[in-house]
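Here is a briefing on one protein chain. Look over the sequence and the structure first, then read on for the points grouped by topic.

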Amino acid sequence: MKKAFLSPLFAPLFYGVLWGLLLAVVLIFFPEKKFEITTDGQIIDVLTYIGYGSMLIAMLLFVKDFKRKMFDWSIYFMLGVAALLREAGIQHHLTSTDSTPFKSRFFLNPDNALSEKILYGAVLLVIFGALLYIAIKYAKHLITSFFKLNTITWSIATFCSVLVFAKFADRFPSHWRHIHDLDSLSREFIDIWSLLEESSELFLPYLVIIIFAQHHFLKKKA
């Protein structure tokens, strides 16, 4: 069992099989509830929050594996907390005049307070700085180890692929409407892409748990 868990194919198969199964169940048995299932407080939302809570607990449980890389672990934990807060929609409750402080239009809008622009600009710099630090430090290793079928690298690649797809699914309907100069989109079209986005995002924290657990067992095995 542990051998299968430590296979480089485990994370891709875990995501592919469970995501495909989830979509099949919804589209076959609950086709009229696609939108309802993706709304706040429904099953996908609940499972997502359970995932993020479990992810942070897992990070704390595996902290001893990062004795020599505590700064890196601190960044991972900070990003995990930021992801949970973002999922909870905290960005929509931070400003006095705008919907969210983490979009370019917030900083370009003269009606928004300068103090808020400085504060949330600093927050963005810290987050992007942390991501840049991790990317620069591990990019070369991740690229070379991917072709060597490194387990952690393949799991991280799965996580990144799911994240990119979720962001694509989130933006696609609005871009489609803009490209084709449409006044509106059909409810069915919007519901399908909302389901694709929310259901794929659901697995992000669980993939992080897998990465930390695989790192733990491989470290013990070494």
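**Lys-117 and the overall picture**

Lys-117 sits in helix H7. Helices here are DSSP runs of H or I with at least four residues, strands are runs of E with at least two, and both are numbered from the N terminus. The model is predicted: local features need pLDDT of at least 70, side-chain atom pairs count only at pLDDT 80 or more, and totals for chains, interfaces and linings use all residues. Residues are numbered from 1 along each chain as its sequence is written, and side-chain values use heavy atoms, with hydrogens and water left out.

**Lys-117 in detail**

- Lys-117 counts as buried because its relative accessibility is 17%. Buried means under 20% relative accessible area, exposed means over 50%, and partly exposed lies in between, with a 1.4 Å probe and protein chains only.
- The side chain of Lys-117 reaches the backbone oxygen of Asn-109 at 2.9 Å. A polar contact of this kind is a pair of N or O atoms within 3.5 Å; within protein, one must be able to donate a hydrogen and the other to accept it, and residues adjacent in sequence count only if both atoms are side-chain atoms.
- Beyond its neighbours within four places in sequence, Lys-117 is in contact with Phe-106, Phe-107, Asn-109, Pro-110 and Asn-112. Contact means heavy atoms within 4.5 Å.

**Chain as a whole**

- The protein chain has 10 helices and 0 strands.
- From the N terminus on, its elements run α-α-α-α-α-α-α-α-α-α.
- Its C-alpha atoms fill a box of roughly 55 × 50 × 30 Å, taken along the principal axes.
- Of its 222 residues, 36% count as buried.
- Take the contacts with a separation of 6 or more: residues 24 or more positions apart account for 66% of them.
- The chain exposes about 13,800 Å², and carbon and sulfur atoms supply 70% of that area. Accessible areas come from the Shrake-Rupley method with a 1.4 Å probe; for residues, only the protein chains shown count as cover.

**Tyr-138, also in H7**

- Tyr-138 lies in helix H7, which covers residues 114–146.
- Tyr-138 is buried because its relative accessible area is 15%.
- Setting aside neighbours within four places in sequence, Tyr-138 is in contact with Lys-69, Asp-72 and Tyr-76.
- Tyr-138 and Leu-204 are 66 residues apart along the chain, and their C-alpha atoms are separated by 20 Å.

**Packing of H2 against H8**

- The axes of helix H2 (residues 10–29) and helix H8 (residues 151–179) come within 8 Å and cross at roughly 35 degrees.
- H2 makes the contact with Ala-11, Pro-12, Tyr-15 and Trp-19, and H8 makes it with Trp-154, Ser-155, Thr-158, Val-162 and Phe-165.
- The residues of this contact divide into 7 nonpolar, 2 polar and no charged. Ala, Val, Leu, Ile, Met, Phe, Trp, Tyr, Cys and Pro count as nonpolar, Asp, Glu, Lys and Arg as charged, and the others, Gly among them, as polar.
- Axes are lines fitted to C-alpha atoms, for helices over the stretch in contact, and angles run from 0 to 180 degrees between N-to-C directions.

- H9 (residues 187–201) has 15 residues and reaches 21 Å from its first C-alpha to its last, close to the 21 Å expected at 1.5 Å a residue. The expected span is 1.5 Å times one less than the number of residues.
- Buried residues of H9 include Trp-193, Leu-195 and Leu-196, as well as Asp-191 and Glu-197.
- Cover for the buried residues of H9 includes H2, H8 and helix H10 (204–221).
- H10 has 18 residues and reaches 26 Å between its first and last C-alpha, close to the 26 Å expected at 1.5 Å a residue.
- Among the buried residues of H10 are Leu-204, Leu-207, Ile-210, Phe-212 and His-216.
- Cover for the buried residues of H10 includes helix H1 (2–5), H2, H8 and H9.

**Loop residues**

- Thr-38 is found in the loop between H3 and H4.
- Thr-38 counts as buried because its relative accessibility is 12%.
- The side chain of Thr-38 reaches the backbone oxygen of Phe-35 at 2.8 Å.
- Not counting residues up to four places away in sequence, Thr-38 touches Ile-44, Ser-194, Leu-195 and Glu-198.
- Leu-149 is in the loop between H7 and H8. Its phi is near 60 degrees, a positive value in a residue other than glycine.
- Asp-181 is in the loop between H8 and H9. Its phi is near 55 degrees, again a positive value in a residue other than glycine.
- Asp-181 counts as exposed because its relative accessibility is 68%.
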